[in-house]
Amino acid sequence: MKNHENSIILENVSCARGNRTVINNVSLKITSGKNFIIKGQNGSGKSTFLRMLAGFQKNVNGKILFNGESIFTNQQEYQNNIFYLSENNPIKNTFSCYENLFFWAEIEGMENNIQEALKFQKLENLKNLPAKFLSMGQKRRLNLSRLAITQKKIWLLDEPVNGLDEESILRLCELIKKHLANKGIVVIATHVDLNLETDTFYL
Amino acid sequence: MFKIFLSIVKRDLKLSYKQGNTSLNIVIYFFLSVSLFPLGVGPETELLSKIGPGIVWVSALFSSVLSLDKIFQADFEDGSLEIFNLTAIPLEFLVLAKALAYWLTSGLLLVILCPIFGLILSMSSKSILYLTITMLLGTPTLILVGSIGASLTVGLKRGSMLISLLILPLYIPILIFGVSAIDASINDVSAKPQLLLLGSLLCFSLVLSPIASAAGLRINME
């Protein structure tokens, strides 16, 4: 990853889901190297905000610029920069932890770092266990282990600490700090106060 | 991009092998529906060999629809599709990869098994040969066309009935050309035009179905 400044700028952005305007006339700047947290009540549009930044929402009014260029101009190229962690875990129950992670690592061309990522998330002893036997927290950790292998610049994390114990949350914060130090962009939708220097936006 | 394409095919084949039930369901359904016809219409060899191609084709058609709703559903529900959307591979190629894996685990099995069903239905060796060729050309088209319906109903819990309603009318040309090629071979007439038409339908669906299916998936991911 190149260590130059990256930024996402929103100018008068509104977004509707169904008939409801969830995000209304928002203008802000998200810069690399600084954690950006979105807070709000249930249904306030935190997930929609992340999905909008990921380019999944089509009915967006206003401008969303990544490094000065609209994210919709060359959407495929922009989306290649994004690591999106949704509320769901893209884990196949019949696959082992290793097989699950190997697939996503293969997609990113980072197969060599799997052992390291499993070790970091304290899952190396469970690597051959089918994912159906993992607890909710362990599945979340397996999903988060993708963070340790990704090279993507923009991390969009939707409730990443759901089901995690304190130790796992600290490990996640460590990963985030490392990414921010490399001038990455991190946007998190969460209810939990993370021990990170943040810009907070309330929806 | 080709590496990602292969990774997806490999993963889906492995998943299908580990879960097993989908391919098995298709084969059992195909076997049951074909073998029930002789019981229904009687064991007359001449009649069976005459209606045999139609029986095998209609059974293959229904078998391929049976679990088409599963082609994207698991990846949609666990968020994998959204992640695929953020990788270097366009959704159109993802659709192709998933359709190929689905064909290898279901359509190809039907192609391999159809000579056995041809024998059950007292078809001649020439008819069985043409049955196999038409199935080889027709089953990928059935799955590619079916993937459009699957992409449109991916967000629905019970989309299989809706898929049938959406895509069965689109299957009619494939059924007509498939059965008519075998009939032509039985009547010692060249089956080349029908086979060429089946081939062109496959080419059309190879190009157009991924585009339509990817659009359907994008709508559902919004």
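In the predicted model, a nonpolar patch on the surface is formed by Leu24(B), Ile28(B), Phe31(B), Leu32(B), Leu36(B), Leu39(B), Ile116(B) and Ile120(B), which together have about 770 Å² of accessible area. Two elements of chain B, helix H2 (21–41) and helix H6 (91–120), each give two or more residues to this patch. The largest share, six residues, comes from H2(B).

Apart from neighbours within four places in sequence, Val34(B) is in contact with Ile55(B), Val56(B), Ser59(B), Phe117(B) and Leu121(B). Asp12(B), by comparison, is 22 residues from Val34(B) in sequence, and the C-alpha atoms of these two residues are 28 Å apart in space.

In chain A, strand S6 (residues 82–85) is covered on both faces. Ile82(A) and Tyr84(A) lie on one side, Phe83(A) and Leu85(A) lie on the other, and all four are buried. In a regular strand, side chains alternate between the two faces of the sheet. S6(A) runs parallel to strand S7 (residues 154–158) of chain A, and four bridges join the two strands. Within this pairing, Tyr84(A) stands opposite Leu156(A) of S7(A).

Conventions: Residues numbered from 1 in each chain as written. Chains lettered and ligands numbered in written order. Predicted model: local features only at pLDDT ≥ 70, side-chain atom pairs only at ≥ 80, totals over all residues. Heavy atoms only, no water. Patch = residues over 30% accessible without salt bridge, like charges linked within 9 Å, V, L, I, M, F, W, Y side chains within 5 Å. Areas by Shrake-Rupley, 256 points an atom, 1.4 Å probe, with all protein chains shown as cover. Salt bridge = Lys/Arg side-chain N within 4 Å of Asp/Glu carboxyl O. Contact = heavy atoms within 4.5 Å. Buried < 20%, exposed > 50% of the residue type's maximum accessible area, 1.4 Å probe, protein only. Pairing = 2+ DSSP bridges.
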